[in-house]
Amino acid sequence: IELTEYHPGVQKELILEKLNHYHSKNFQIAMDDLGEGISSLRLWLDLMPEFVKIDKYFIQGIATNELKQEFIKSIVSMAKKAGTSVIAEGIENQADMLKTKLLNIDYGQGYFFDHPRLFPAESLSTDIAEVILSEHKILGRTIQERHFNCFQQSVSGGDLLRETIFVTSQ
């Protein structure tokens with residue numbers, strides 16, 4: 001379950017109660033747009049989701065912005081201690097993608113990988129896969145040392161899709 005927009009008028013206790021119910025039923029929780037405000041940091045600590053998605057503001061231009069890098073380092077450090085995986089939103093170029101990997105962000109999404117479409121791509125383009133794999137050569141790492149064995153297993157976005165039923169807030 002992805003928690004997207006948190007509105008101040010909504011009772012936080014009610015949200016936590018409902019999400020904790022689904023958490024207890026083995027649903028995984030993801031928080032979207034981490035960094036949009038102090039309330040999102042508080043909610044992260046209260047909820048302890050499996051995933052946090054860092055808002056694209058902090059990712060775009062991260063390759064050249066040392067303050068953004070420091071912010072991300074602290075988020076990644078907190079996430080590792082909490083057992084939370086970090087997803088970088090808004091990766092739009094090679095430099096930012098490589099920097100997110102160097103900062104140990106677990107997952108990424110953005111136009112650098114592909115644009116949204118009706119039917120997801122079966123695999124990454126060869127250009128993108130080569131860029132990701134070339135990082136390991138630069139850093140002297142092997143593919144098995146990191147999370148990239150998915151290329152060997154041919155996992156695609158389509159493999160991750162699940163049909164779901166949407167519910168209203170009522």
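Guide: Begin with the rings: Tyr 57, Phe 58 and Phe 71 are linked into a cluster by ring pairs. This is a predicted model, in which local features need pLDDT of at least 70 and side-chain atom pairs count only at pLDDT 80 or more, while totals for chains, interfaces and linings use all residues. Residues are numbered from 1 along each chain as its sequence is written, and side-chain values use heavy atoms, with hydrogens and water left out.

Visitor: How many aromatic pairs does the structure hold?

Guide: A pair of aromatic rings is described by the distance of the centres and the angle of the planes. Rings of Phe, Tyr and Trp (its six-membered ring) pair if their centres lie within 6.5 Å; planes under 30 degrees apart are stacked, over 60 edge-to-face, and the rest tilted. The structure has five such pairs. One of them is tilted: Phe 51 and Tyr 107, at 6.4 Å centre to centre, with 55 degrees between the planes. Phe 51 is in strand 3 and Tyr 107 in strand 5, 56 residues apart, so this pair links distant parts of the chain. Helices (H or I, at least four residues) and strands (E, at least two) are DSSP runs, numbered from the N terminus.

Visitor: How far apart are the ring centres of Phe 58 and Phe 71?

Guide: Their centres are 4.3 Å apart and their planes at 25 degrees, so the pair is stacked. Phe 58 belongs to helix 3 (residues 56-59) and Phe 71 to helix 4 (residues 66-82), so the pair ties together parts 13 residues apart in sequence.

Visitor: Is Phe 58 buried or exposed?

Guide: Buried means under 20% relative accessible area, exposed over 50%, and partly exposed in between (1.4 Å probe, protein chains only). Phe 58 has 14% relative accessibility and counts as buried, whereas Phe 71, at 23%, counts as partly exposed. Tyr 107 is partly exposed too, with a relative accessible area of 47%.

Visitor: What is the order of the strands in the sheet?

Guide: Two strands pair if DSSP finds at least two bridges between them. Here five strands form an open sheet in the order 1-2-3-4-5, with parallel pairing. Strand 1 (2-3) and strand 5 (107-108) stand at the edges with a single partner strand each, so one side of each lacks a neighbour in the sheet. Strand 2 (residues 30-34) is joined to strand 3 (residues 51-54) by three bridges, and Ala 30 stands opposite Phe 51. Four bridges pair strand 3 with strand 4 (residues 85-88); there Val 52 has Val 86 as its bridge partner. Strand 4 and strand 5 share two bridges, and Ile 87 stands opposite Tyr 107.

Visitor: How many salt bridges are there?

Guide: A salt bridge is a side-chain nitrogen of Lys or Arg within 4 Å of a carboxyl oxygen of Asp or Glu. The count is five. Among them is Lys 53 with Glu 89, whose closest N and O atoms are 3.6 Å apart. Lys 53 lies in strand 3 and Glu 89 in the loop between strand 4 and helix 5, 36 residues apart. Both Lys 53 and Glu 89 are buried. Another joins Asp 106 and Lys 80 at 2.9 Å, N to O. Asp 106 is in the loop between helix 5 and strand 5, and Lys 80 in helix 4, 26 residues apart. Asp 106 counts as buried at 15% relative accessibility, and Lys 80 as partly exposed at 42%.
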